[in-house]
Amino acid sequence: GQVAISGSVNYPTVENGELVDGRALEGVEVEATSGDVTATATTDADGNFTISGLDSGDYEVTANVDRDVSNVSIGDAQRTVSGFAGTEPFAGAFQEEVADVNARSGTNATDALRIAFFDLGSISSFEAGSFLVDTTEVTLGSESESGVSIRVAEFGDADLSGGSSDSGGSTSLATTTVSPKSSAQTAAKSATESAGDANRVAAGETFEVPVRVDRGAEVGSYSLSLEYDTEKATFEGISSGRDDIITNGSKEDGTLQVGWFDRSGESTLELTGGSELVTLRFSAAEGVEGAEFAPEITSGEINGPGAKAVAAGVETQAVRIAKPAPDEFALNGSYPNPASQQATVEMDLPVRAQVTVEVYNTLGQRVQTVEQSMSAGAGQTVQLDASQLASGQYFYRVKASLDGNQTRETGRLTIVK
C-alpha cells in the first residue's frame with residue numbers, strides 16, 4: 001500500500017555554541033521526489049507537513065522557499081569574520097554554509113564584505129542565492145516515515161538570528177538631534193569656541209555632522225540608515241581616519257546607509273559617551289539661508305565584540321545655514337560700546353579660521369585672550385568678558401589664520417561700570 005512522509009520545516013538558531021531547531025516556518029512548500037514522481041505538501045502554522053499517497057522507494061525531500069530576506073545585517077558580517085578567524089567557531093557546517101554567500105566552498109573576508117554590502121543596499125543578492133535549504137534522503141518501505149526535519153535559513157544570516165522567535169530585521173536605535181540653539185547655549189560656556197559658531201555654516205560651505213554615541217561601548221560593528229533634505233545640503237562623504245567605512249546612498253532622494261565592522265576580529269572601537277561613531281560631510285546649498293539642517297537617522301544597529309546588540313543610542317548635531325561667506329576678512333567692530341559686562345566682537349571670515357582676540361589696556365598690558373575655531377561667514381562673533389575689566393579705554397587685536405595667511409586688525413573698546 002501507499003505510505004507517507006511527515007516532518008517539519010524550521011529556521012535553526014544557535015544556543016550555547018550548538019545548532020538547534022528554531023522558529024517553525026508556516027506556508028512553505030515541501031516536495032518529495034523519486035525519479036519522475038514528485039509529490040508536495042505545505043507546512044501548517046507549526047511548521048509541520050505530511051506528504052501522503054507515496055509508493056515505496058528512495059525520495060529526496062526538500063523545501064521551496066519564496067519569501068523576502070529580512071534577517072541579514074552588518075552584525076552578520078562581523079559574525080562571519082569571527083567564524084573564519086576562529087575567535088568564535090561556527091556551530092557546524094550548516095551555519096558556515098549560510099555565511100558562504102559567494103558560494104566558494106568556505107568563508108572568508110569577501111563573504112563578510114558581501115554581507116555588509118547587502119545590508120547597506122549596495123548589492124541586492126548573493127551568488128549563493130537567497131535561502132539555504134537542507135535536502136534529506138528518505139527510503140520508504142512498507143511503513144510511513146515521520147520526524148523528517150528540514151532546516152532553512154537566509155544566506156548571509158551568519159548569526160542565525162532569523163531562527164529566534166523575536167527575529168524581524170533592523171534593531172531600533174534611540175536617536176537624538178541637538179538643535180543649533182541648544183548647542184549654542186552649551187558652547188557659550190566654553191572659552192575656546194564662540195556660541196553658536198560651531199553649528200552655523202555658510203551657504204556653499206562644506207561642513208561636518210558628527211554622529212556620537214550616548215554612552216561608552218565597545219563596538220564590533222554598526223550600520224545606520226539616514227535621510228536628509230537634498231534642497232538644503234548634499235552628502236559629500238565621510239570624514240574619518242578610517243578607510244574601511246562603507247557607504248551607499250542616493251543624492252537624488254536624500255537616503256544614505258553607513259556601516260562598519262571589525263574586519264580582523266581583533267580591532268573593536270573603544271568609545272566613551274559622546275565619542276564620534278562616524279562623521280558625515282555635507283555641502284550647504286545656496287538660497288536656503290536661515291534654514292536648519294540635520295540628517296535623520298531612521299534605523300540602525302550597534303553591536304559589541306560578539307555581534308550582540310549594544311544598548312547605546314546616537315546623537316546628531318543640527319546646523320543653521322547662513323549667508324554665503326564674504327570674499328575677504330573684515331573687522332566690523334564691537335558692541336555694545338561702551339560695554340559693562342560682556343562685549344561682542346564681530347567680523348567677516350571668507351574661510352574657516354583659527355581666531356585669536358587679545359585685549360590690551362592703555363599701558364600696553366594684555367588683560368584678556370580668547371582663542372577659537374570659527375566657521376566662514378559674515379557677522380561671525382567672539383564674546384569678551386568685560387565684567388572683570390576696570391572702567392576705561394581698551395584696545396583689542398584680532399588675529400585670524402586664513403588658509404595659512406595671518407591677518408591682523410585692531411579695534412577700540414570702552415568699559416563703563
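Helix α1 (residues 74-85) packs against helix α3 (residues 109-119) at an angle of about 175 degrees, with their axes 8 Å apart. The model is predicted, so local features need pLDDT of at least 70 and side-chain atom pairs count only at pLDDT 80 or more, while totals for chains, interfaces and linings use all residues. Residues are numbered from 1 along each chain as its sequence is written, and side-chain values use heavy atoms, without hydrogens and water.

**Helices α1 and α3**
- The two helices are therefore roughly antiparallel to each other (angles over 145 degrees).
- Ile74, Asp76, Ala77, Thr80, Val81 and Phe84 of α1 meet Ala109, Asp111, Ala112, Ile115, Ala116 and Asp119 of α3; contact means heavy atoms within 4.5 Å.
- The residues of this contact comprise eight nonpolar, one polar and three charged.

**Strand β14**
- Because five of its seven residues are buried, strand β14 (residues 221-227) is largely enclosed by the rest of the structure; buried means under 20% relative accessible area, exposed over 50% and partly exposed in between, with a 1.4 Å probe and protein chains only.
- β14 pairs with strand β17 (residues 255-261) in the antiparallel sense over seven bridges, where pairing requires that DSSP finds at least two bridges between two strands.
- Leu226 has Leu256 in β17 as its bridge partner.
- β14 also pairs with strand β21 (residues 296-303), in the antiparallel sense and over seven bridges.
- Opposite Ser221 stands Asn303 in β21.

**Thr176**
- Thr176 lies in strand β10 (residues 175-178) and counts as partly exposed at 43% relative accessibility.
- Leaving aside neighbours within four places in sequence, Thr176 is in contact with Val314, Glu315 and Thr316.
- Thr176 and Thr139 are 37 residues apart in sequence and 60 Å apart in space, C-alpha to C-alpha.

Technical notes. Axes are lines fitted to C-alpha atoms, for helices over the stretch in contact, and angles run from 0 to 180 degrees between N-to-C directions. Helices (H or I, at least four residues) and strands (E, at least two) are DSSP runs, numbered from the N terminus. Angles under 35 degrees count as roughly parallel, over 145 as roughly antiparallel, 65 to 115 as roughly perpendicular and the rest as oblique. Ala, Val, Leu, Ile, Met, Phe, Trp, Tyr, Cys and Pro count as nonpolar, Asp, Glu, Lys and Arg as charged, and the others, Gly among them, as polar.
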